Amino acid sequence: MPKLKTIAGAAALAILAACATATPYQAATDSNRGYSEQQIEANRFLVQFSGNTLTDRKTVETYLLYRAAELTRERGFDYFRVVRRDTDAESRLVPVGGRPYSPFYDHFYLDYIYYGPHAPYYRDPFLRSRYPYSWNVSPFGYYDPYWGGPAEYRERTSYEASAEILMGKGVKPDDAAFFDAEQVLFNLGNNILRPEPK
């Protein structure tokens, strides 16, 4: 049993550590963020890079451009043209701060009749209740004076950049919409943060 608790604790710490760092340059899977691509034609791809809330917009767009160059080289082409490019932002409110639970009441049990959402002093003016039988209680749970009250909220934004690219071979055309794959890889290589080896 202690071994199982140790493994579970280590897994929880690993998840917390992953959430506390910016998204590295990595392939996206169902459980994390990163780059992905979809082939449209033999030399046309849709490339995307999705970052977490700790990854700024500039980094997301840099990783997208780097992946486009990397994919161009992998497919045997020399340059690529950006046909269409977008960056989407998704913002949400997350709870932060708040006072910790009082150690004096660590084992103190309340049935939350008085200190629950039905308490006369704890009303939600925005009427966001999930409790149909109470007209204006808060959906954020119970208010316990020994807990410290509702948490504060801050806005967190994550970015996802996408580009449709058209690849070509030979000398790159003299046009700002075209990128030499090797030069992009060389010039942006020092800005690429890869995942820690496991």
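Predicted model: local features only at pLDDT ≥ 70, side-chain atom pairs only at ≥ 80, totals over all residues.
Contact here means heavy atoms within 4.5 Å.

**Entry 1: Phe80 and the core**

I started with phenylalanine 80 and looked up what it touches. Skipping residues up to four places away in sequence, I got Leu65, Ala68, Ala69, Thr72, Ile165, Leu166, Met167, Ala177, Phe178, Phe179 and Ala181. Then I checked the largest nonpolar core, which has 25 residues. Phe80 is among the members that touch the most others, along with Tyr25, Phe49, Ile165 and Met167. Which elements give two or more residues to this core? I found β2, α2 (57–74), β3 (79–96), β4 (152–168) and α3 (181–188). The top contributor is α2, with eight residues.

**Entry 2: Val60 in α2**

Next I picked a residue from helix α2, valine 60. Is it buried or exposed? Its relative accessibility is 0%, so I put valine 60 down as buried. Leaving out neighbours within four places in sequence, I saw valine 60 in contact with Phe49, Gly51, Thr55, Tyr159, Glu160 and Ala161. I also looked at glycine 34: it sits 26 residues from valine 60 in sequence, and their C-alpha atoms are 8.9 Å apart.

**Entry 3: the two sides of α3**

I moved on to α3 and listed its buried residues: Ala181, Val184, Leu185 and Leu188. Looking down the helix axis, I found them within an arc of 95 degrees, so they line one face of α3. I reminded myself that an α-helix has 3.6 residues a turn, so residues three or four places apart point the same way. What do the buried residues of α3 pack against? I noted α2, β3 and β5 (178–180). On the face turned away from the buried side, I found the exposed residues Phe186 and Asn187.

I checked the start of the helix too. The N-terminal end of α3 is capped by aspartate 180, with a side-chain oxygen 3.1 Å from the backbone nitrogen of glutamate 182.

**Entry 4: Arg44, a charged name in β2**

Last, I looked up arginine 44, which is in strand β2 (residues 44–50). I wanted to know whether to call it buried. The cut-off is under 20% relative accessible area. Arginine 44 comes in at 18%, so it counts as buried. Which side chain does arginine 44 join through a polar contact? I found glutamate 164, at 2.6 Å. Glutamate 164 also turns up among the contacts of arginine 44 beyond four places in sequence, together with Gln38, Gln39, Val83, Ile165 and Leu166.

Terms used. Residues numbered from 1 in each chain as written. Heavy atoms only, no water. Helix = DSSP H or I, 4+ residues; strand = E, 2+ residues; numbered from the N terminus. Buried < 20%, exposed > 50% of the residue type's maximum accessible area, 1.4 Å probe, protein only. Polar contact = N/O pair within 3.5 Å; in protein donor to acceptor, adjacent residues only side chain to side chain. Core = buried A, V, L, I, M, F, W, Y, C linked by side-chain atoms within 4.5 Å. Arc of directions from axis to C-beta.
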